[in-house]
Amino acid sequence: MKDSKFELLHCSFVYEPLNIELKNYLFLNLKEKKKLLEYRNHSSVRSKMINDKPITMESHLDFMESLATKNEGYWTLNNEKGTILGTLNLTKYDDETDSFMGGNFSDPSLIGSGIGLALNYFLHYVAFEKINSSRMRAIIKKDNKSAIRLNQIFGGKKVSSPTIEGEPYIEMVFNREAWYGKVERDVSKYLKYVF
């Protein structure tokens, strides 16, 4: 990975049109870290994760501390009041395809509000506009039909159907050309309704 990509994985960003902050986990205070763990351990969020077991505070804080030395990026999505609406991440960089594995989850109280569209938008925005990757991959539980449909809106193409720990998943791939060609323009107009 080029050094600049690694550096950008550890930066925060502001999306000016809506005054949305993408705050890197490295800059979160303890209260914000606890809030993320609360979201992540909520049953409606956990049930959609590959690791669907509750995470301890100690493990959570150790993980956050380890991010300073990893080629991974984790951000909270904050509205203009600084409220954490959800989180997104880019992990498992593949140098051969210039791609990351992408993921996100929201504040459980916002599920069904359109926040999934916003989180996916900003995940693609960071991957393709800020980090300048060529591709992004996602692994989605096969029974998570709403996430699969949402990923198709973002140009996701099914490439495989892996089984992980006995559960069926779908792997999808996204590319920068689709983002700049149509997806960004078509999806961005809906952001104002979410915020």
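1. Let's start with R185 and D186: in this predicted model, their side chains form a salt bridge with an N to O distance of 3.7 Å. That falls inside the 4 Å cut-off for such a pair, so the contact counts as a salt bridge.

2. D186 has another partner to look at. Its side chain also meets that of K182 in a salt bridge, here at 2.5 Å from N to O. Taken together, K182, R185 and D186 are linked in a network of salt bridges.

3. Why can D186 and K182 be placed about one helical turn from each other? Both sit in helix α7 (residues 176-188), and they are 4 residues apart there, which means a separation of about one helical turn.

4. Is D186 buried or partly exposed? With a relative accessibility of 21%, D186 counts as partly exposed; the buried class is kept for values under 20%.

5. Moving to helix α2 (residues 30-41), have a look at E38 and K35, which are 3 residues apart and so separated by about one helical turn. These two form a salt bridge, and their closest N and O atoms are 3.6 Å apart.

6. Finally, how many salt bridges does the rule give? The count comes to 5, among them the pairs E38 with K35, D186 with K182 and R185 with D186.

How values were computed: Residues are numbered from 1 along each chain as its sequence is written. This is a predicted model: local features need pLDDT of at least 70, side-chain atom pairs count only at pLDDT 80 or more; totals for chains, interfaces and linings use all residues. Side-chain values use heavy atoms; hydrogens and water are left out. Helices (H or I, at least four residues) and strands (E, at least two) are DSSP runs, numbered from the N terminus. Buried means under 20% relative accessible area, exposed over 50%, partly exposed in between (1.4 Å probe, protein chains only).
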